[in-house]
Amino acid sequence: MRLFRWGLAAAGVSVLGMPVGVVQAAPAASASSKPTCAYGEITGSGNLSKMPTSTKAGQNLVTYTTVRNAKSAPLSSVFFDYQMSAPSNHKGAAPTVWWKFNGGSWHHLIMAWNPATKSSTAYWIGGDAVLGSLPGLTTRTLEMTVDYPSG
């Protein structure tokens, strides 16, 4: 099973090409203006060239992604959504997903099953995982571990 592609986004403007989830944020609002985001406010890089593949139950996969706020304005309420493809269109045991941001504590991400449709294959998806605020012109690390139980 492979980790699914993910993108980074600020207020819904996505930048695709990263393994594992979607990171989004709403910028800090000033009293005089409505929050807006431009392409490229949040960027990231990861181990895409060596995307891990699980070949047996219980195998733990680890990814590291650099998340960068490329603008000087801080971003608040940064979060990511995580989705991974399923090995078949038959529901099996849910993968176990844990994540930590910038060396913080580990958090468990509950995965929900989405069956195949005429336009997509089956996949597992997690809810919003809140990273918090990202100060302007900073870089942080998102670490994720995934393992697949039997079934």
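1. Let's start with Lys100 and its surroundings. Lys100 touches Ser105, Trp106, Thr141, Leu142 and Glu143, leaving out residues up to four places away in sequence; contact here means heavy atoms within 4.5 Å. Lys100 sits in strand β8. Strands are DSSP runs of E with at least two residues, helices are runs of H or I with at least four, and both are numbered from the N terminus. Is Lys100 buried or exposed? Lys100 is buried, with a relative accessible area of 19%. Buried means under 20% relative accessible area, exposed means over 50%, and partly exposed is in between, using a 1.4 Å probe and protein chains only.

2. A word on what you are looking at. This is a predicted model, where local features need pLDDT of at least 70 and side-chain atom pairs count only at pLDDT 80 or more, while totals for chains, interfaces and linings use all residues. Residues are numbered from 1 along each chain as its sequence is written, and side-chain values use heavy atoms, with hydrogens and water left out.

3. Back to Lys100 and one of its contacts. Glu143 forms a salt bridge with Lys100, and the closest N and O atoms are 4.0 Å apart. The term asks for a side-chain nitrogen of Lys or Arg within 4 Å of a carboxyl oxygen of Asp or Glu. Glu143 belongs to strand β13 and Lys100 to strand β8, so the pair ties together parts that are 43 residues apart in sequence. Glu143 counts as buried too, at 15% relative accessibility. How many salt bridges does a search of the whole structure find? That search finds one.

4. Next, the strands around β8. Six bridges join β8 (residues 96–101) to β13 (residues 138–147), and the two run antiparallel; strands count as paired if DSSP finds at least two bridges between them. Trp99 has Met144 in β13 as its bridge partner. β8 also pairs with β9 (residues 107–109), again in the antiparallel sense, over three bridges, and Val97 stands opposite Leu109 in β9. The hairpin of β8 and β9 has five residues between the strands, and Asn102 takes a positive phi near 55° there.

5. β13 has another partner worth a look. β5 and β13 pair in the antiparallel sense over ten bridges. Within that pairing, Val67 stands opposite Arg140 in β13.

6. There is also an open sheet to find. Three antiparallel strands make it up, in the order β7-β11-β10. Why is one side of β7 and of β10 left without a neighbour in the sheet? β7 (83–85) and β10 (111–114) stand at the edges with a single partner strand each, so one side of each has no neighbour in the sheet. Neighbouring strands here are turned by 25° against each other on average, direction ignored; angles are taken between N-to-C directions, from 0 to 180 degrees, with axes fitted as lines to C-alpha atoms. β10 is joined by four bridges to β11 (residues 123–126), and Trp113 stands opposite Trp124 in β11.

7. Pro95 lies in the loop between β7 and β8, and is buried at a relative accessible area of 5%. Beyond its neighbours within four places in sequence, Pro95 is in contact with Met84, Met111, Trp124, Val146, Asp147, Tyr148 and Pro149. Pro95 and Pro149 are 54 residues apart in sequence, yet 6.5 Å apart in space, C-alpha to C-alpha.

8. Now the inside. The largest nonpolar core has 23 residues, and Phe80, Tyr82, Met84, Val97, Trp99, Leu109 and Leu142 touch the most other members. A nonpolar core is a set of buried Ala, Val, Leu, Ile, Met, Phe, Trp, Tyr and Cys residues joined through side-chain atoms within 4.5 Å. The elements giving two or more residues to this core are β5 (60–69), β6 (75–81), β8, β10, β12 (129–134) and β13.

9. Finally, the chain as a whole. The chain has 13 strands and zero helices. Buried residues account for 35% of the 151 residues. Of the contacts between residues at least 6 apart in sequence, 70% join residues at least 24 apart. The accessible surface comes to about 7,900 Å², with 54% belonging to carbon and sulfur atoms; areas come from the Shrake-Rupley method with a 1.4 Å probe.
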